[in-house]
Amino acid sequence: MATSRLLRTSAAALAATALLISGCSSGSSSPRAETSSGRTTEAGAQRPAADATLEPLPAAVPAALRPYYDQKLSWHPCGVAGFECATMKAPLDYAHPGAATDLKLAVARKKAAGPGSRLGSLLLNPGGPGGSAIEYLQQYAPQGAAVRARYDLVAMDPRGVGRSAPVECLSNKQMDRYTQTDQTPDDQAEVNKLITAYRDFAKGCEARSGKVLPHVSTIEAARDMDVLRAVLGDKKLTYMGASYGTFLGATYAGLFPTRTGRLVLDGAMNPDLDSRTVNLDQTVGFNTAFTAFAADCVKQKDCPLGHKNAADAGRRLSALFKKLDAHPVETGEARKLTESLATTGVIAAMYDQRAWPMLREYLAQAEAGNGRGLLTFSDSYYERDPNGTYANQMYANPAVNCLDLAPAFTSPEQVRAALPSFRKASPVFGENFAWAALNCAYWPVKPTGTPHRIPAKGAAPIVVVGTTRDPATPYTWAKALSTQLANATLLTYEGDGHTAYGRGSDCIDTAVNTYLLDGTTPPKNKHCK
C-alpha cells in the first residue's frame, strides 16, 4: 500500500493528536451536560466533575425544526462510480433556526446491492474531528461484502468539515510555516514564536470562518445526524464511528437514546475527561505505541535506533530530534525536515504497525541527511498533497476541540509546571504534547462544553471496540466508555495500531459484522488477537 494511503487510512480516524493542532477533545458543547463546580490541578487544568451527565433531548421534534426533518434529498452521481451525493440543510444555530443562516451539509451514499433484504442505512464517520466521512466512504471504507450488500453505506461530512461549510484558517504557504514551528522551545524567544503561531492560526480561522466557528460542536453535529436519519427514512440510527467518531456516536446515543439502533464505536474516547487529562493520556498512549515499535525495531537488522532495547532506542530518537532542531536536513524540495516535521512523521507511523518497516527506512535516511521520507509521513498526517495544498482536517480539528472543552493550559507557565508529568509519560514525545496543548488558549471562540458521562439509558445495545496498544485512543478510554453507557459491550483487540475493525483481525471483523447484520452483540469480555 502506498505511503499516503496507508497513513491516511489510519489517521483518517485521527483522534486529534496533539502536535500543532490540539489535544483530542472528548467533551460536550451542550448546556445539557450539567455539572457542579470543577476542581483545579496544580497545573491549572479543570478536572471533570463526577456528577456531569449528558441528558437526552425531548423525544418530540420541535415545530421550528420540522422543516429540516421533512426535507427531501435530491440525489445525483458525484464523480465516483456507484456513489450518489446530495445536500442536506441544517440550522446553523439549533436554538435559532432560520433559512437565512442554514448550513448546507454534504452527504454521499452507496446503495445496498444485495443479496438479502435491505437493513437500512449505515452511517459512517472516520473521526478526527475533521476527517471527511465522504472521502472515507468513497476511498477507504472497510465494511465487508455482507454488510455492504444489506446496508446503504452513508457518509455526511460534519459541519465545518470537508464539503460541509468547511472551516478555513491559513493559506497553504502559511500552513507550511505553521507546521514547521518549533514545538519544543528552548528559550523564551522560541516560546514567544510558538505563541505567535497559535495566535495567528486562531486569527486566520476567525477571519475566514468566523460565522461557523461557534457552531461546530459535537452536540450540533450529533443533532445533524438525527436530521439525516429522519431524511433517510430510518426509524433508528445505525452507525459506525472510529476514534473521535465514537464520541460523536456516543453523543448521539446520549441525546436520542430511543432513536439509537446498532452503534459500533471503534477506538473509543472517554467523554468524562478534561483536556489536560486527555492530552496526558494520549501522551502515554503514544509512548506505549513507540515502545512497541522500538522493541520490534531493535530486533531488525535495519533498525537505525540500535539493537539494545526500547529505552535506548528512544534516547537515540530523541538525539535525532535534537540534531534536526539545530540542523534541519534537505528533503529534495524547498522545505527542510525540521524537528517538528520529523516528530509529526514518526507519530503518524504510530497509527499503523504496517508503517513500521518504512519508518525504520526513513529514520535511517534522516540520520544520513535525507529527510524526504519522514517529510512524506508528516505530509500524509497533515493531509498536504504533493502540490502543497492542505485539506480542511487540520483546521476543523481545533475548531471542534477548542469548542468542546476548555483549554488544557492557558499560559506558558502552566505548561512549564506540567512538563515533568508529560516527560514522565513519554520521554520522547512528552514535551511536544505538553506545548501543543496550549493552542486552545488563544482560540477566538469560548468553549461551551464540559467533561461529562454519557449513560444513554434506553438505547439499544452498543458495541465499544478498544485496542490494547492504541496510541491515539488508549484502551482505558474504551473500558471507561463501555462502563458509562447503560447498555454497552466491550470488544477488545489485543494488538497495535489505531482502531481495530477492517485492519486484519477476522475475529474483530466477524464480531462487528454479526452485530450489524443480526444485532447479536459479542460475548462479554471477548478478546481478539
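The model is predicted, and the chain has an average pLDDT of 91, with 90% of the residues scoring at least 70. An open sheet of 10 strands with mixed pairing is present, and helix H17 packs on that sheet.

**Confidence**

- The average pLDDT of the protein chain is 91.
- Residues 1–5 have a pLDDT below 50, and beyond near neighbours in sequence this stretch has 11 contacts in the model.
- Over residues 8–50 the pLDDT stays under 50, and the model has 187 contacts beyond four places in sequence for these residues.

**The sheet**

- The strands of the open sheet follow the order E3-E4-E5-E7-E6-E8-E9-E10-E11-E12.
- Strand E3 (76–77) and strand E12 (526–528) each have a single partner strand and stand at the edges, so one side of each is left without a neighbour in the sheet.
- Within the sheet, strand E9 (residues 260–266) and strand E10 (residues 462–469) pair in the parallel sense, over four bridges.
- Leucine 263 has isoleucine 462 in E10 as its bridge partner.
- Helix H17 (residues 475–484) touches E9, E10, strand E11 (488–496) and E12 as it packs on the sheet, and the direction of H17 makes about 160° with that of E10.

**Helices H7 and H8**

- Helix H7 (residues 218–232) and helix H8 (residues 244–255) have axes that come within 9 Å and cross at roughly 70°.
- H7 and H8 are therefore roughly perpendicular to each other, and their crossing is right-handed.
- From H7, the residues Thr218, Ile219, Ala221, Ala222, Arg223, Met225, Asp226 and Arg229 take part in the contact, meeting Tyr244, Phe247, Leu248, Thr251, Tyr252 and Leu255 in H8.
- This contact of H7 with H8 comprises nine nonpolar, two polar and three charged residues.

**Helices H9 and H10**

- Helix H9 (residues 275–297) packs with helix H10 (residues 310–326) at an angle of about 105°, and their axes are 8 Å apart.
- H9 and H10 are therefore roughly perpendicular to each other.
- Phe290, Thr291, Ala294 and Ala295 of H9 make the contact with Ala310, Ala313, Gly314 and Leu317 of H10.
- By class, the contact of H9 with H10 has six nonpolar residues, two polar and no charged.

**Helices H5 and H6**

- The axes of helix H5 (residues 172–179) and helix H6 (residues 188–209) are 10 Å apart, and the two helices pack at an angle of about 150°.
- That angle makes H5 roughly antiparallel to H6, and H5 passes H6 in a left-handed crossing.
- Gln174, Met175 and Tyr178 of H5 meet Ala197, Tyr198, Phe201 and Arg208 of H6.
- Five nonpolar residues, one polar and one charged form the contact of H5 with H6.

**Backbone features in loops**

- Most residues other than glycine have a negative phi, and most peptide bonds are trans.
- Glycine 114 and proline 115 are joined by a cis peptide bond, with omega about 5°; proline 115 is found in the loop between strand E5 (103–110) and strand E6 (120–125).
- A cis peptide bond also joins glycine 128 and proline 129, with omega about -5°; proline 129 lies in the loop between E6 and helix H3 (133–139).
- Serine 243, a residue other than glycine, has a positive phi near 55°, and serine 243 has its place in the loop between strand E8 (237–242) and H8.

Conventions. Residues are numbered from 1 along each chain as its sequence is written. This is a predicted model: local features need pLDDT of at least 70, side-chain atom pairs count only at pLDDT 80 or more; totals for chains, interfaces and linings use all residues. Side-chain values use heavy atoms; hydrogens and water are left out. Two strands pair if DSSP finds at least two bridges between them. Contact means heavy atoms within 4.5 Å. Axes are lines fitted to C-alpha atoms, for helices over the stretch in contact, and angles run from 0 to 180 degrees between N-to-C directions. Angles under 35 degrees count as roughly parallel, over 145 as roughly antiparallel, 65 to 115 as roughly perpendicular and the rest as oblique. A crossing is left-handed if the near helix is turned anticlockwise from the far one by less than a right angle, and right-handed if clockwise. Ala, Val, Leu, Ile, Met, Phe, Trp, Tyr, Cys and Pro count as nonpolar, Asp, Glu, Lys and Arg as charged, and the others, Gly among them, as polar. pLDDT is the predictor's confidence in each residue, from 0 to 100.
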